[in-house]
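Here are my notes after a look through this one.

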Amino acid sequence: MKRDTAMMRRQFIKGVAGTAGLVALAGCDNLTQSGWFPGVLNKAEKLTELAQRAVTPANAMAREYSEVDISKVFPANGNTDPGTQDYDDMLRNNFAGWEVTINGLVSKPMVFPLAAFKSMPARTQITRHDCVEGWSAIGKWTGVPLGDLMRKVQPLAQAKYAVFHCADVDDEGTPYYESMALQDVFYPQTMLAYELNDRLLDVPHGAPLRLRFERQLGYKHAKYVQRIELVESLTGIGGGRGGYWEDQGYEWYAGI
């Protein structure tokens, strides 16, 4: 099932209308396509990010739960299968050839085979996933903290963002990607996860590796991660707004 862009855009517009007071829903499509309105959204979004960062300590952790709190059903939404030949070939081979490349503005570009992740010190956390569609679920995630990977590749001083390039594409062949500020990469609960509830990730949930970006809404938790690129600017990547859904009008900083 591919992402329903129109539906999720409507969800976003409703949220913006409530907080910014700028949009009459009947005319939202015309506004989002205008020359001036995206700039207004960008400014409002930046203020939201600054405000959230100001009231949230840099080392504040998202709430972690106990085993008894784990949801009986953890929905899989968005893309539930990349649907490409390359991915299908990897799946048939149990992802034996899967690699994650970290490059861009780093001192030591590196390629990490999937097996390498399993040999690194792991982190396990039980957290709540909040979806922009209005549902939440609690799951137990195990994976490698991204900060550990960054310390290996050594980001350069000018690096400001980490961009996550993924294996899935939409119906038009547009690849999925996501991004975060470099400071959030080192947040202790930010990880590349390979297990959900003590089982290897299945395809609908992002096998073999997905981003867990706690304190952010679910669309920021990219699935099927293949490359992490450190950059100084998001301009020129995808639509230039920092992610597949952000290019459709979603907020880049989706803090919760």
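1. A definition to begin with: pLDDT is the predictor's confidence in each residue, on a scale from 0 to 100. It matters here as this is a predicted model. Over residues 1-38 the pLDDT stays under 50. The model still has 55 contacts beyond four places in sequence for that stretch, a contact being heavy atoms within 4.5 Å.

2. On the chain as a whole, the average pLDDT is 85, and 77% of the residues reach at least 70.

3. Now the sheet. Five strands make up an open sheet with mixed pairing, in the order E2-E1-E10-E5-E6. At the edges sit E2 (110-113) and E6 (175-181), each of which pairs on one side only. From one strand to the next the twist averages 20°.

4. How do E5 and E10 run relative to each other, parallel or antiparallel? Strand E5 (residues 161-169) and strand E10 (residues 225-231) are antiparallel, joined by six bridges. If you want a spot to check by eye, Cys166 has Val225 in E10 as its bridge partner.

5. Helix H6 (residues 146-153) lies across E1 (99-104), E2, E5 and E10. Its angle to E2 is about 140°. In the loop between H6 and E5 you'll find Gln154, whose phi is positive, near 60°, although the residue is not glycine.

6. Another backbone detail: the peptide bond from Ala207 to Pro208 is cis, with omega near 5°. Pro208 belongs to the loop between E8 (199-200) and E9 (210-212). For context, most residues other than glycine have a negative phi, and most peptide bonds are trans.

7. How many cavities of 30 Å³ or more are there? The count is two. The largest has a volume of about 210 Å³ and a lining of 20 residues. Nearest its centre are Asn77, Gly78, Gly218, Tyr219 and Lys223. The lining of this largest cavity splits into ten nonpolar, seven polar and three charged residues.

8. The second largest cavity holds about 50 Å³ of space. Asp184, Tyr187, Phe213, Glu214, Arg215, Gln216 and Tyr253 line this second cavity. By class, that lining has three nonpolar residues, one polar and three charged.

Notes. Residues numbered from 1 in each chain as written. Predicted model: local features only at pLDDT ≥ 70, side-chain atom pairs only at ≥ 80, totals over all residues. Heavy atoms only, no water. 1 Å grid on protein atoms, 1.4 Å probe; cavity = no way out; pocket = protein on both sides within 12 Å on 5 of 7 lines; lining within 4 Å. Points joined across faces, edges and corners; volume = space filled by probe spheres on them. Nonpolar A, V, L, I, M, F, W, Y, C, P; charged D, E, K, R; others polar. Pairing = 2+ DSSP bridges. Helix = DSSP H or I, 4+ residues; strand = E, 2+ residues; numbered from the N terminus. Axes fitted to C-alpha atoms, helices over the stretch in contact; angles between N-to-C directions.
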